[in-house]
Amino acid sequence: MPIHLQIDGQLCDAEEGECLATVIFRQKSNVFRHHPVDGSPRAAFCMMGVCFECLVEVNGIAGQQSCLIQVQDGMIVRRAPND
Ligand code: FES
């Protein structure tokens, strides 16, 4: 059964239990955030909670590892919280 979440203000469809990082890859792009020092674009890499390249803001809480989060209906996600 599809659920709905917002990514950067846009409504997106996903399947219940899907990995948030996977939904971001599919719905948006491979840029999750920008490096706070040099501004380089960063993308999810390991998909298992090791690299910390997939950080996003979820429901107002920054620095969440999107590869470890299952999407939930009504979730509000923002990429690039360092911008
Ligand atoms: S993709 Fe490496 S910690 Fe999430």
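**Exercise 1.** Determine which side chains of strand E1 (residues 2–7) point to the buried face.

*Solution.* Strands are DSSP runs of at least two residues, numbered from the N terminus. The model is predicted, so that local features need pLDDT of at least 70 and side-chain atom pairs count only at pLDDT 80 or more, while totals for chains, interfaces and linings use all residues. Residues are numbered from 1 along each chain as its sequence is written, and side-chain values use heavy atoms, leaving out hydrogens and water.

**Exercise 2.** Identify the strands with which E1 pairs, and the sense of each pairing.

*Solution.* Two strands pair if DSSP finds at least two bridges between them. With strand E2 (residues 10–15), E1 pairs in the antiparallel sense over six bridges, and Leu-5 has Cys-12 as its bridge partner there. With E7, the pairing is parallel over two bridges, and Gln-6 stands opposite Ile-76.

**Exercise 3.** Find the salt-bridge partner of Asp-8.

*Solution.* Asp-8 lies in the turn of the E1–E2 hairpin and has a positive phi of about 50°. Its partner is Arg-79, with the closest N and O atoms 2.6 Å apart; a salt bridge requires a side-chain nitrogen of Lys or Arg within 4 Å of a carboxyl oxygen of Asp or Glu. Because Arg-79 lies in the segment after E7 and Asp-8 in the loop between E1 and E2, the pair ties together parts 71 residues apart in sequence.

How values were computed: Buried means under 20% relative accessible area, exposed over 50%, partly exposed in between (1.4 Å probe, protein chains only). Helices (H or I, at least four residues) and strands (E, at least two) are DSSP runs, numbered from the N terminus.
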